[in-house]
Amino acid sequence: MKTGGQLIVDALEANGTDRIYCVPGESYLAVLDALHDSPIRTIVCRQEGGAAMMADCHGRLTGKPGICFVTRGPGATNASAGIHIAMQDSVPVILFIGQVASHAKEREAFQEIDYKRFFGDIAKWVVEIDDAARIPEFVTRAFAVATSGRPGPVVISLPEDMLTSLAEAPAALPHTPVETRPGEAELDALEKLLGNAKRPFVILGGTRWDDDAVARMRAIAEAWSLPVGCSFRRQMLFDHLHPNYAGDVGIGINPKLATAIKQADLVLLIGGRMGEMPSSDYTVLKSPYPDQTLVHVHADAGELGRVYRPALAINASPSAFVEAFAKRKPTATPAWADETPKLHAAYLDWSTPPESGPGSVQMGPIMNYLEKVLPDDAILTNGAGNYATWVHRFHRFRRLATQAAPTSGSMGYGTPAAVAAKELYPDRTVIAFAGDGCFLMNGQEFATAVQYDLPIVVVVVNNGIYGTIRMHQEREYPGRVVATDLKNPDFAALARAYGGHGETVEKTADFAPAFERARASGKPAIVEIRLDPEAITPTRTMTQIRDKA
């Protein structure tokens with residue numbers, strides 16, 4: 001006989017869980033007590049949104065479900081931001097929520113919420129466990145649901161009395177991974193389409209990739225001379241310095257790349273959904289009927305034909321697809337072979353930072369410096385805002401598991417993600433980029449980095465405004481500024497108050513020594529860049545945007 005709390009922990013151990021992220025609550029004390037005697041590492045966070053985003057980063061970088069525990073009511077609603085990210089980004093996460101006791105349900109008890117209704121539209125599956133004896137069944141099923149097909153978040157509600165009750169239950173067994181593989185007929189059809197194509201283009205996206213899949217995709221691109229682009233915030237799927245890389249298919253796409261995709265006669269989309277952002281509001285690839293012949297490869301049959309009608313739909317995970325198609329070779333030099341290097345050259349030109357701009361701090365030289373000093377396996381995280389353009393456009397990703405950023409465009413993600421990344425990979429350099437508005441949405445997780453001695457470096461690009469919103473505001477309502485100005489703390493002093501290292505950069509030349517001091521400190525660090533708000537994009541000033549409006 002074991003308590004429900006013990007059975008939860010047993011099931012997590014059986015499914016390979018090595019760490020969880022949590023904010024403690026009285027509603028699941030029985031689980032916390034069971035974790036006391038478990039080898040599972042417990043990372044205590046400062047806010048449930050941060051904890052859920054850490055779990056998302058864990059799932060994003062490892063492919064294994066990130067596990068998060070929060071308490072009922074406000075704990076669960078705070079965590080919902082991370083669950084929405086995991087859903088839109090196809091990341092495996094399992095959120096456990098302490099629930100009110102069974103006798104108090106349906107009375108609007110203290111912090112009571114119906115989680116099936118609350119999370120029903122932003123999770124793959126939501127369940128409440130009423131019988132402790134069924135915990136092994138439900139937890140193992142949660143791992144299967146979170147990782148199969150299109151990965152995503154699962155939410156499990158745990159009534160407090162169920163967790164303290166004693167039950168006799170079978171030992172939990174690990175979930176069985178489900179793989180979807182392409183058939184020979186689909187591979188034959190794709191090979192024929194490629195053989196007849198004049199201007200094909202490959203777009204990589206989604207999750208369920210691993211190192212072997214990335215290497216096989218590189219070999220396929222080389223064998224077929226294919227130009228390859230990566231979907232929005234999936235840039236780590238292809239080496240940016242490889243001669244077949246054409247650029248990122250996301251917000252602010254290179255116009256030459258957008259033209260190449262629009263003019264392609266065959267688009268091979270592997271793993272991604274090609275949502276609103278990578279499709280440039282469904283214009284680069286029109287929905288529901290693309291101008292191009294579309295071959296869509298996805299692990300979830302429900303995604304095939306949902307937004308785009310493909311000429312050929314292949315229900316397979318990216319890893320299974322590239323393993324199978326890597327065996328196919330062209331019979332002659334492809335007709336487009338000479339065009340692929342031109343697209344790579346256009347990418348290199350597009351991703352070369354500008355040297356000048358308004359104000360005394362220039363982000364272009366800063367990005368050039370970071371490209372020289374960061375190792376290929378450095379992990380870069382960020383949330384949302386115009387500042388992220390500098391990372392997405394000018395950082396050249398080389399390896400898998402080096403990027404953690406929400407395709408959902410959620411602010412506040414970069415700092416908690418960096419904490420999780422550094423905890424997972426303590427020997428790797430981890431850099432979080434954040435705007436001043438973005439950082440203060442989950443900046444309290446810097447305290448978590450201090451608590452666990454995780455020497456991340458958070459680069460806070462401070463321009464004193466909600467930059468993206470101000471840019472849109474000036475374009476749509478020029479000169480009528482409302483609700484986008486910010487009065488910020490001294491971020492370097494804030495870092496020191498937390499027990500970390502702080503630096504302030506007010507001139508371009510200050511950045512390199514400040515960054516090196518931050519890394520050498522051995523502490524979690526914040527490097528604040530005080531950027532002129534005129535420097536709103538790499539190529540346009542705020543005044544130019546306002547004047548054009």
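Ala, Val, Leu, Ile, Met, Phe, Trp, Tyr, Cys and Pro count here as nonpolar, Asp, Glu, Lys and Arg as charged, and the others, Gly among them, as polar. Read in these terms, the second largest cavity of this predicted model has a lining of two nonpolar, two polar and two charged residues. The structure holds two cavities of 30 Å³ or more, and its second largest pocket has a volume of about 910 Å³.

**Cavities**

- The second largest cavity, with a volume of about 40 Å³, is lined by Arg273, His296, Glu303, Gly305, Val307 and Tyr308.
- The largest cavity has a volume of about 70 Å³, and its lining includes Ser90, Gly149, Arg150, Pro151, Thr207, Arg208 and His298.
- By class, three nonpolar, six polar and two charged residues make up the lining of the largest cavity.

**Second largest pocket**

- The second largest pocket is lined by 41 residues, of which Arg208, Trp209, Asp210, Asp211 and Leu400 are the closest to its centre.
- At least two lining residues come from each of α3 (48–62), α9 (211–224) and α11 (318–325), and the largest share, six residues, is that of α9.
- The lining of the second largest pocket divides into 15 nonpolar, ten polar and 16 charged residues.

**Glu106**

- Glu106 lies in the loop between β5 (93–99) and α5 (115–118), and it counts as exposed because its relative accessibility is 72%, where the cut-off is over 50%.
- From Glu106 to Val228 the C-alpha to C-alpha distance is 53 Å, with the two 122 residues apart in sequence.

Methods
Residues numbered from 1 in each chain as written. Predicted model: local features only at pLDDT ≥ 70, side-chain atom pairs only at ≥ 80, totals over all residues. Heavy atoms only, no water. 1 Å grid on protein atoms, 1.4 Å probe; cavity = no way out; pocket = protein on both sides within 12 Å on 5 of 7 lines; lining within 4 Å. Points joined across faces, edges and corners; volume = space filled by probe spheres on them. Helix = DSSP H or I, 4+ residues; strand = E, 2+ residues; numbered from the N terminus. Buried < 20%, exposed > 50% of the residue type's maximum accessible area, 1.4 Å probe, protein only.
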